[in-house]
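Hi everyone, thanks for coming. I'd like to walk you through one structure today, so please have a look at it with me.

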Amino acid sequence: MLVSAKEMLQKAVAGHYAVGQFNINNLEWTKTILLTAEECKSPVILGVSSGAGKYMSGFKTVAAMVGAMVDDLGITVPVATHLDHGSYDACLQCIDAGFTSIMFDGSKYPIEENVAKTKELIAICKEKGMSLEAEVGAIGGEEDGVIGQGECADPKECKMIADLGVDMLAAGIGNIHGKYPANWAGLSFETLDAIQQLTGDMPLVLHGGTGIPDDMIRKAIDLGVAKINVNTECQIAFSAAVRKYFEAGKDLEGKGFDPRKVLKPGCEAIAETVKTKMELFGSVGKA
Ligand code: 13P
């Protein structure tokens, strides 16, 4: 069932669990995540970065593929197709393409401009029944060639953006995308707590879910995080499994060169990763 992320995240806040956003890269990724969500009876958010959208030939293709798959596979759990870290233009394109949710990453703009653009997009999303995620405080690491510094958002700015009527708010709390360096200081629960105190029931979003220790994830959920983004971890699991397939020479046995056979272990590894995350986030059985 294709829906916006609004209701599933409000339920997550009320029920003290988090919904996973898993980024998709192709048909196999999408199908695997959808089937795993259905098996776990968990709501799910499919994240699409602009780079991944372009790779899959465009946002329209992505929206059409997800819509058709939900239908063909008989997916009954709530599914949102969500633009990840969208520019203003990418947001407009995804609204047009039929996504159910967008993230406007206005963190590179001065706060006044971030506010103005966010307001405009909120108005369009409300009209279309879509949900919108805003970001305050750049989230570090590298994503689509953009490298930010892991920083902590200003809780007052978070409150200001939350009050505009966004459906979910991503705030930097020392998290970064990709693998965490050995000397990473960990999440700033002080910042998260201050943000939550000011923003109340606003679903908070934790980016950079890969490599955050389980106890920190649980504590973040306790403090109001209702959406957790995971991307790199699925990529690592996928490529490690496919590498094993080749290293074992399986592609040279019988029809082992069939792409469906080559990608199967990778898909199984993604499914395992997604399932483990859904269990950790507490979203299993919540659909
Ligand atoms: P990771 O790649 O670190 O899991 O982060 C994903 C993310 O935050 C997507 O927005």
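**Around the ligand**

Of the 15 residues around the ligand, the nearest are His207, Thr210, Asn229, Asn231 and Thr232; "near" means a C-beta atom, placed from the backbone, within 6 Å of the molecule. The elements giving two or more residues to this shell are β3 (79-86), β10 (225-230) and α10 (232-247). Helices (H or I, at least four residues) and strands (E, at least two) are DSSP runs, numbered from the N terminus.

Before going on: this is a predicted model, where local features need pLDDT of at least 70, side-chain atom pairs count only at pLDDT 80 or more, and totals for chains, interfaces and linings use all residues. Residues are numbered from 1 along each chain as its sequence is written.

Now, a bit of background: most residues other than glycine have a negative phi. Lys41 is not a glycine, yet its phi is positive, about 50°. You'll find Lys41 in the loop between α2 and β2 (44-49).

His85 also isn't glycine, and its phi is a positive value near 50°. This residue sits in strand β3.

Are these residues buried or exposed? Lys41 is partly exposed, with 14 other C-beta atoms within 10 Å. His85, on the other hand, is buried, with 24 other C-beta atoms within 10 Å. For the cut-offs, buried means 20 or more other C-beta atoms within 10 Å of the residue's own, exposed means 12 or fewer, and partly exposed is in between, with C-beta atoms placed from the backbone.
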